[in-house]
Amino acid sequence: MTRTALSNGLGSCPRCQKINKMHSEKQQCSRCAHWFYSRKPNSLQHTMAWTVTALVLFIPANIYPMMTLHTFGKTEASTILQGIATFIQTGHYPIAFIIFMASFIIPLGKIIGLFFLVYHVKHRSNMSLKRQSHLFHIVENIGPWSMLDVFVVVVMASVVNLGFISNIEVSLGASYFALMVIATLMAAHSFDSRLLWDNNNKKEQTHE
(Lines give C-alpha, C1' and ligand atoms only; values in the text may rest on other atoms or scores of the structure.)
Protein backbone atom coordinates (compact mmCIF):
# COMPACT_ATOMS: atom_id res chain seq x y z
CA MET A 1 0.00 0.00 0.00
CA THR A 2 1.26 3.50 -0.84
CA ARG A 3 2.19 5.36 2.32
CA THR A 4 0.86 8.91 2.49
CA ALA A 5 1.24 11.68 5.03
CA LEU A 6 -2.36 11.14 6.14
CA SER A 7 -1.83 7.42 6.71
CA ASN A 8 1.13 8.35 8.94
CA GLY A 9 -0.94 10.89 10.87
CA LEU A 10 0.77 13.89 9.29
CA GLY A 11 -0.57 16.99 7.58
CA SER A 12 0.98 19.92 5.71
CA CYS A 13 0.10 23.49 6.68
CA PRO A 14 -1.06 25.26 3.48
CA ARG A 15 0.33 28.60 4.70
CA CYS A 16 3.92 27.78 5.79
CA GLN A 17 4.15 24.18 4.44
CA LYS A 18 5.29 22.79 7.81
CA ILE A 19 4.51 19.12 8.35
CA ASN A 20 2.43 18.76 11.53
CA LYS A 21 1.35 15.76 13.54
CA MET A 22 -2.42 15.60 13.07
CA HIS A 23 -4.35 15.09 16.31
CA SER A 24 -7.73 15.82 14.74
CA GLU A 25 -9.24 16.64 11.33
CA LYS A 26 -8.77 20.35 12.08
CA GLN A 27 -5.30 21.24 13.30
CA GLN A 28 -3.43 24.39 14.32
CA CYS A 29 0.02 24.69 12.78
CA SER A 30 2.78 24.52 15.38
CA ARG A 31 4.83 27.14 13.50
CA CYS A 32 2.46 29.80 12.09
CA ALA A 33 -0.62 29.03 14.26
CA HIS A 34 -2.77 28.77 11.13
CA TRP A 35 -5.77 26.45 11.42
CA PHE A 36 -6.04 23.94 8.60
CA TYR A 37 -7.62 20.62 7.67
CA SER A 38 -5.86 17.44 6.58
CA ARG A 39 -8.20 17.51 3.57
CA LYS A 40 -10.33 20.36 2.20
CA PRO A 41 -13.78 20.02 3.84
CA ASN A 42 -16.53 18.95 1.41
CA SER A 43 -14.08 19.18 -1.48
CA LEU A 44 -16.05 16.95 -3.85
CA GLN A 45 -19.37 18.65 -3.10
CA HIS A 46 -17.91 22.11 -3.68
CA THR A 47 -16.12 20.98 -6.85
CA MET A 48 -19.28 19.41 -8.24
CA ALA A 49 -21.38 22.50 -7.40
CA TRP A 50 -18.95 24.87 -9.12
CA THR A 51 -18.56 22.54 -12.12
CA VAL A 52 -22.33 22.25 -12.63
CA THR A 53 -22.58 26.03 -12.31
CA ALA A 54 -19.90 26.43 -14.99
CA LEU A 55 -21.74 24.01 -17.28
CA VAL A 56 -25.02 25.90 -16.82
CA LEU A 57 -23.31 29.25 -17.52
CA PHE A 58 -21.67 27.79 -20.62
CA ILE A 59 -25.09 27.67 -22.32
CA PRO A 60 -26.08 31.39 -22.12
CA ALA A 61 -22.46 32.32 -22.76
CA ASN A 62 -22.86 30.80 -26.22
CA ILE A 63 -26.51 31.69 -26.83
CA TYR A 64 -26.43 35.40 -26.02
CA PRO A 65 -24.39 37.83 -28.15
CA MET A 66 -20.80 38.18 -27.04
CA MET A 67 -20.39 41.60 -28.63
CA THR A 68 -22.16 44.18 -30.75
CA LEU A 69 -20.42 45.48 -33.84
CA HIS A 70 -21.17 48.85 -35.38
CA THR A 71 -19.86 48.71 -38.92
CA PHE A 72 -20.42 51.42 -41.49
CA GLY A 73 -23.63 52.60 -39.81
CA LYS A 74 -24.94 49.05 -39.28
CA THR A 75 -25.38 47.42 -35.87
CA GLU A 76 -24.95 43.65 -35.57
CA ALA A 77 -24.92 41.54 -32.42
CA SER A 78 -23.06 38.25 -32.72
CA THR A 79 -22.65 35.18 -30.57
CA ILE A 80 -19.37 33.33 -30.25
CA LEU A 81 -20.26 30.95 -33.08
CA GLN A 82 -21.35 33.79 -35.33
CA GLY A 83 -18.14 35.63 -34.52
CA ILE A 84 -16.08 32.59 -35.46
CA ALA A 85 -18.00 32.20 -38.72
CA THR A 86 -17.47 35.89 -39.52
CA PHE A 87 -13.72 35.68 -38.96
CA ILE A 88 -13.53 32.56 -41.15
CA GLN A 89 -15.48 34.27 -43.94
CA THR A 90 -13.21 37.32 -43.78
CA GLY A 91 -10.09 35.16 -43.80
CA HIS A 92 -9.01 35.84 -40.22
CA TYR A 93 -8.34 32.17 -39.52
CA PRO A 94 -5.87 32.61 -36.62
CA ILE A 95 -8.36 34.78 -34.69
CA ALA A 96 -11.18 32.31 -35.42
CA PHE A 97 -8.99 29.48 -34.17
CA ILE A 98 -8.09 31.35 -30.96
CA ILE A 99 -11.75 32.15 -30.23
CA PHE A 100 -12.78 28.55 -30.90
CA MET A 101 -10.08 27.17 -28.59
CA ALA A 102 -10.71 29.72 -25.83
CA SER A 103 -14.49 29.61 -25.99
CA PHE A 104 -15.18 25.91 -26.57
CA ILE A 105 -12.28 23.51 -26.30
CA ILE A 106 -10.62 24.85 -23.13
CA PRO A 107 -13.77 25.52 -21.03
CA LEU A 108 -15.46 22.27 -22.09
CA GLY A 109 -12.25 20.29 -21.59
CA LYS A 110 -11.86 21.69 -18.10
CA ILE A 111 -15.49 21.02 -17.15
CA ILE A 112 -15.38 17.44 -18.47
CA GLY A 113 -12.03 16.85 -16.74
CA LEU A 114 -13.43 18.01 -13.40
CA PHE A 115 -16.46 15.74 -13.78
CA PHE A 116 -14.11 12.83 -14.49
CA LEU A 117 -11.98 13.55 -11.41
CA VAL A 118 -14.98 13.76 -9.08
CA TYR A 119 -16.43 10.57 -10.58
CA HIS A 120 -13.20 8.62 -10.18
CA VAL A 121 -12.77 9.68 -6.54
CA LYS A 122 -16.36 8.82 -5.61
CA HIS A 123 -16.59 5.52 -7.47
CA ARG A 124 -13.02 4.23 -7.24
CA SER A 125 -12.72 3.43 -10.93
CA ASN A 126 -9.95 1.38 -12.50
CA MET A 127 -8.26 4.45 -13.96
CA SER A 128 -4.64 4.42 -12.80
CA LEU A 129 -3.43 6.96 -10.27
CA LYS A 130 -0.82 8.18 -12.77
CA ARG A 131 -3.50 8.99 -15.35
CA GLN A 132 -5.68 10.67 -12.74
CA SER A 133 -2.73 12.81 -11.67
CA HIS A 134 -2.01 13.74 -15.28
CA LEU A 135 -5.65 14.65 -15.79
CA PHE A 136 -5.64 16.87 -12.71
CA HIS A 137 -2.47 18.68 -13.82
CA ILE A 138 -3.96 19.25 -17.28
CA VAL A 139 -7.16 20.67 -15.77
CA GLU A 140 -5.13 22.82 -13.40
CA ASN A 141 -2.72 24.10 -16.05
CA ILE A 142 -5.28 24.98 -18.73
CA GLY A 143 -7.11 27.22 -16.27
CA PRO A 144 -5.17 30.40 -17.13
CA TRP A 145 -5.79 29.75 -20.85
CA SER A 146 -9.49 30.30 -20.19
CA MET A 147 -8.60 33.98 -20.11
CA LEU A 148 -7.48 33.74 -23.72
CA ASP A 149 -10.68 35.48 -24.73
CA VAL A 150 -9.35 38.60 -23.03
CA PHE A 151 -6.48 38.45 -25.49
CA VAL A 152 -8.98 38.10 -28.32
CA VAL A 153 -10.80 41.23 -27.16
CA VAL A 154 -7.49 43.08 -27.25
CA VAL A 155 -6.90 41.84 -30.80
CA MET A 156 -10.35 42.96 -31.83
CA ALA A 157 -9.77 46.35 -30.25
CA SER A 158 -6.74 46.63 -32.52
CA VAL A 159 -8.96 45.84 -35.49
CA VAL A 160 -11.27 48.64 -34.40
CA ASN A 161 -8.36 51.04 -34.28
CA LEU A 162 -7.35 50.00 -37.76
CA GLY A 163 -10.72 51.16 -39.02
CA PHE A 164 -12.14 47.81 -40.15
CA ILE A 165 -14.83 48.10 -37.52
CA SER A 166 -16.06 51.48 -36.38
CA ASN A 167 -17.19 50.53 -32.90
CA ILE A 168 -17.51 47.46 -30.68
CA GLU A 169 -19.50 46.89 -27.48
CA VAL A 170 -19.36 43.98 -25.04
CA SER A 171 -22.76 42.24 -24.73
CA LEU A 172 -24.50 39.96 -22.24
CA GLY A 173 -22.81 36.77 -23.46
CA ALA A 174 -19.42 38.13 -22.36
CA SER A 175 -20.70 38.50 -18.79
CA TYR A 176 -21.90 34.88 -18.72
CA PHE A 177 -18.61 33.75 -20.20
CA ALA A 178 -16.63 35.60 -17.51
CA LEU A 179 -18.82 34.04 -14.79
CA MET A 180 -18.28 30.60 -16.36
CA VAL A 181 -14.49 31.07 -16.27
CA ILE A 182 -14.67 32.12 -12.62
CA ALA A 183 -16.80 29.05 -11.81
CA THR A 184 -14.27 26.70 -13.45
CA LEU A 185 -11.42 28.35 -11.55
CA MET A 186 -13.33 27.94 -8.28
CA ALA A 187 -14.09 24.30 -9.13
CA ALA A 188 -10.42 23.51 -9.75
CA HIS A 189 -9.46 25.34 -6.54
CA SER A 190 -12.05 23.39 -4.53
CA PHE A 191 -10.79 20.01 -5.68
CA ASP A 192 -8.32 18.44 -3.23
CA SER A 193 -5.90 16.41 -5.35
CA ARG A 194 -4.82 14.44 -2.28
CA LEU A 195 -8.16 12.64 -2.48
CA LEU A 196 -6.75 10.82 -5.50
CA TRP A 197 -4.07 9.28 -3.29
CA ASP A 198 -6.60 8.44 -0.56
CA ASN A 199 -8.83 6.78 -3.11
CA ASN A 200 -5.92 4.78 -4.48
CA ASN A 201 -4.99 3.58 -0.97
CA LYS A 202 -8.57 2.47 -0.28
CA LYS A 203 -8.58 0.56 -3.56
CA GLU A 204 -5.31 -1.19 -2.70
CA GLN A 205 -6.64 -2.12 0.73
CA THR A 206 -9.73 -3.64 -0.87
CA HIS A 207 -7.59 -5.85 -3.10
CA GLU A 208 -5.35 -7.04 -0.23
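Strands (E, at least two residues) and helices (H or I, at least four) are DSSP runs, numbered from the N terminus. The model on screen is predicted, so local features need pLDDT of at least 70 and side-chain atom pairs count only at pLDDT 80 or more, while totals for chains, interfaces and linings use all residues. Residues are numbered from 1 along each chain as its sequence is written, and side-chain values use heavy atoms, with hydrogens and water left out.

Begin by selecting Lys 21, which lies in strand β2 (residues 19-21). At 48% relative accessibility Lys 21 counts as partly exposed, a class between buried (under 20% relative accessible area) and exposed (over 50%), with a 1.4 Å probe and protein chains only. Leaving aside residues up to four places away in sequence, Lys 21 touches Asn 8, Gly 9, Leu 10 and Gln 27, where contact means heavy atoms within 4.5 Å.

Next, select helix α2 (residues 80-89), where Ile 80, Gly 83, Ile 84 and Phe 87 are buried. Viewed down the axis of α2, these buried residues fall within an arc of 100 degrees, so they line one face of the helix; the arc is that of the directions from the helix axis to the C-beta atoms. An α-helix has 3.6 residues a turn, so residues three or four places apart point the same way. Leu 81 and Gln 89 are exposed on the other side of α2, and just after this helix Gly 91 takes a positive phi of about 85 degrees.

Finally, select Trp 50, whose place is in helix α1 (residues 43-63), and which counts as partly exposed at 32% relative accessibility.
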